[in-house]
Amino acid sequence: MDPSPSPTAAPRLRIVPAQRLSEGAGVMVNRTIGTPGLRNLDPFLMLDRFNSTNPGDYIAGFPDHPHRGFVTLTYLLEGHMLHWDSLGNRGDLVSGGAQWMKAARGVIHSEMPQQTGGRMSGFQLWINLPAREKMSAPGYQEVLPADIPIDRKEGVLVRILSGSFAGTEGPIADPFTRLTCFDITLEPLRTLILPEETFFGKTAFFYGIDGSLEIGGSPLLPDVIAVLDTGSDILPGGLAIKAGDKGARLLFISGTPLHEPVVAYGPFVMNTRAEIEQAIDDYRNNRLTL
């Protein structure tokens, strides 16, 4: 897939490796956004990758915990998890499925593995909400694997979770950040030209899942995030993504920055310290989800 025109310049990429840490009740994750190396990436607040065949790395899951002020997008590449929340939703997240939870003014939820062996692999992305939406009504959307459209051409497969690709819209829509999220698989030495409208004027990044690849000639390895400088002069011709000789899989995500203050404390993300203190007080006094 090598349409004209071709990209005319190499992109500038900021490479940030993942930091391995324990989350939830002891789930091991590789975190990129939300670390000292990349504290925030407006409008994105955190990105965790979980990926293990060792049940000890994931079996404890994420028991009941609160959120306020942002959205979570969970995408499961492989495995089986059960979602429960204080809105009354019960989601069955299986391989290839996703869930979108707008915590807004307050949600308590859990995400628990439904397997005792095998691989558990996927991502959770935290996306900020604008100040005017932080205390709005929460919401939930479950996306089944069959709900995610696929564009397949000449050794390139694009799963469209959110945003538009080749005229096809993904099932998840975020009116505040105009989120784009693609799961891209490339056969060996295949090239995809990513159209400029998917990243122009946005915050955009890539996450290597498997294999080796080049983005505009710059290498990207697994469990490394590459933040794209969308102000460079690569834009008129799009951006070339080329797999190595064993093929590659990667996640591409972009969104419109909010340009608002971010004050975070654990599972609460607001705009001021006073709002964080209110969130803590509401949670302690069972008012978070009212």
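## The main pocket

Let's start with what lines the largest pocket: its residues split into 14 nonpolar, 8 polar and 5 charged. The model here is a predicted one, so keep that in mind as you look around. The space in this pocket comes to about 560 Å³. Out of 27 lining residues, Glu 23, Arg 31, Met 46, Trp 126 and Gly 266 sit closest to the centre.

Which elements give two or more residues to that lining? They are strands E3 (27-31), E4 (44-52), E5 (62-67), E11 (120-128) and E23 (263-265). Strand E5 is one to remember, as it turns up again in the open sheet below.

## The second pocket

The second largest pocket holds about 240 Å³ of space. Its lining counts 19 residues, and those closest to the centre are Gly 163, Ser 164, Glu 169, Thr 180 and Lys 202. Sorted by class, this lining has 7 nonpolar, 7 polar and 5 charged residues.

## A four-stranded open sheet

Now for the strands. Four of them make an open sheet, running E5-E10-E7-E8 with antiparallel pairing. At the edges are E5 and E8 (90-94), each of which pairs on one side only. Ignoring direction, neighbouring strands in this sheet are turned by 20 degrees against each other on average.

Take a look at the pairing of E5 with E10 (residues 107-113), which is antiparallel and runs over 4 bridges. Here His 65 stands opposite His 109 in E10.

His 109 belongs to strand E10. Is His 109 buried or exposed? With a relative accessible area of 0%, His 109 falls under the 20% cut-off, so it counts as buried. The side chain of His 109 also has a polar contact, at 3.2 Å, with the side chain of His 67.

## Strand E9 and its two partners

Strand E9 (residues 98-102) is mostly covered, with 5 of its 5 residues buried. Which way do the residues point? Ala 98, Trp 100 and Lys 102 point one way from E9, while Gln 99 and Met 101 point the other way, and all of them are buried.

E9 pairs with two strands listed here. With E6 (residues 70-78) the pairing is antiparallel over 5 bridges, and Leu 73 stands opposite Trp 100 of E9. With E12 (residues 139-143) the pairing is again antiparallel, over 5 bridges, and Met 101 stands opposite Tyr 140 in E12. As background, strands of a sheet pair through backbone hydrogen bonds, either parallel or antiparallel.

Ile 209 has a relative accessible area of 3%, so it is buried, given the cut-off of 20%.

How far apart are the C-alpha atoms of Ile 209 and Leu 250? They are separated by 4.9 Å, although the two residues are 41 residues apart along the chain.

Definitions and conventions: Residues numbered from 1 in each chain as written. Predicted model: local features only at pLDDT ≥ 70, side-chain atom pairs only at ≥ 80, totals over all residues. Heavy atoms only, no water. Buried < 20%, exposed > 50% of the residue type's maximum accessible area, 1.4 Å probe, protein only. Pairing = 2+ DSSP bridges. 1 Å grid on protein atoms, 1.4 Å probe; cavity = no way out; pocket = protein on both sides within 12 Å on 5 of 7 lines; lining within 4 Å. Points joined across faces, edges and corners; volume = space filled by probe spheres on them. Nonpolar A, V, L, I, M, F, W, Y, C, P; charged D, E, K, R; others polar. Axes fitted to C-alpha atoms, helices over the stretch in contact; angles between N-to-C directions. Polar contact = N/O pair within 3.5 Å; in protein donor to acceptor, adjacent residues only side chain to side chain.
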